[in-house]
Amino acid sequence: EVLAADQSVSPRPEPQWFLSCFLIPYLVVSGWSIYYLLQQIWIHTGLGQTAVEISDHPLLPGREYQVHLSQAGHIDMKSIELWLLCEEEVTYRQGTDIRRELGVVFQQQLHSQGAVEIDPVKPFRVTCTLPIPAASMHSFQSEHISVRWKVVVRCAPAHWPAFERRYPIVVF
């Protein structure tokens with residue numbers, strides 16, 4: 001249709017700067033969220049499964065066992081460490097508050113490996129000795145105190161934050 005001579009084209013609308021100012025933080029947060037999501041996907045697909053196997057059960061104080069660590073994935077590691085930890089947790093009442101204290105009463109490094117390139121076809125594997133100290137306390141849990149033994153894998157990937165995976169064990 002042809003516009004009539006008395007109809008004029010409306011002027012261009014004024015930009016709404018107030019709404020535009022809200023768009024900038026939205027774009028920044030959206031961009032950061034997408035980056036963080038992609039980073040988490042990359043970490044979880046690159047790391048793969050960590051498996052710890054112990055040669056015998058039950059574990060008894062004063063004996064040695066073989067522990068096998070397997071770390072799968074497709075990632076370069078600055079270091080991989082295997083630790084034996086014993087933690088004691090105490091719960092007590094102080095006035096009307098209930099307090100909890102957690103302390104490591106024993107720790108021993110079982111294995112330490114420097115730079116490792118983990119191939120997706122062939123995972124990193126190591127076998128080492130797991131000595132349970134002769135004078136160690138057995139695992140137990142009561143109302144106010146608990147003693148927990150763990151095998152801990154600490155990994156420091158080359159381009160990502162370090163992570164730690166804990167595997168509880170029972171010492172009789």
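**Entry 1. A residue to start from**

Is R99 buried, partly exposed or exposed? I looked up its relative accessibility, found 37%, and recorded R99 as partly exposed. I note here that the model is a predicted one. I then looked for a charged partner and found D97, which forms a salt bridge with R99. The closest N and O atoms of that pair are 3.5 Å apart. D97 is partly exposed as well, its relative accessible area being 39%.

**Entry 2. Confidence**

I checked the confidence of the prediction before going further. The mean pLDDT of the chain is 86, and 93% of the residues reach at least 70. I also compared the elements: β2 has the highest mean pLDDT, at 94, whereas helix α1, residues 17-47, has the lowest, at 84.

**Entry 3. Overall form**

I recorded one helix and nine strands in the chain.

I next examined the dimensions. The C-alpha trace spans about 105 × 55 × 25 Å along its principal axes. The radius of gyration is 29 Å, while a compact globule of 172 residues would have a value near 16 Å. I found that 29% of the 172 residues count as buried. The chain exposes about 12,100 Å², of which carbon and sulfur atoms supply 58%.

I also looked at how far apart in sequence the contacting residues lie. Of the contacts between residues at least 6 apart, 65% join residues at least 24 apart.

**Entry 4. The largest nonpolar core**

Which residues touch the most other members of the largest nonpolar core? I listed L69, M77, I80 and L82, out of 28 residues in this core. I then traced the members to their elements. Those giving two or more residues are β2 (64-71), β3 (75-94), β5 (116-118), β6 (124-131), β8 (145-157) and β9 (163-169). Strand β3 supplies the largest share, six residues.

**Entry 5. Salt bridges around R166**

How many salt bridges does the count give? I recorded seven. Among them, I followed the one between R166 and E87, whose side chains meet at 2.9 Å, N to O. R166 belongs to strand β9 and E87 to strand β3, so this pair ties together parts that are 79 residues apart in sequence.

E87 counts as buried because its relative accessibility is 4%, under the 20% cut-off. R166 is partly exposed, with a relative accessible area of 36%.

R166 has a further partner, E164, and their side chains meet in a salt bridge of 2.8 Å, N to O. E164 is partly exposed, at 36% relative accessibility. I traced the shared partners onward and found that E87, K150, R154, E164 and R166 are joined into one network of salt bridges.

Notes: Residues numbered from 1 in each chain as written. Predicted model: local features only at pLDDT ≥ 70, side-chain atom pairs only at ≥ 80, totals over all residues. Heavy atoms only, no water. Core = buried A, V, L, I, M, F, W, Y, C linked by side-chain atoms within 4.5 Å. Buried < 20%, exposed > 50% of the residue type's maximum accessible area, 1.4 Å probe, protein only. Helix = DSSP H or I, 4+ residues; strand = E, 2+ residues; numbered from the N terminus. pLDDT = per-residue confidence, 0-100. Salt bridge = Lys/Arg side-chain N within 4 Å of Asp/Glu carboxyl O. Rg over C-alpha atoms; globule rule 2.2 N^0.38 Å. Contact = heavy atoms within 4.5 Å. Areas by Shrake-Rupley, 256 points an atom, 1.4 Å probe, with all protein chains shown as cover.
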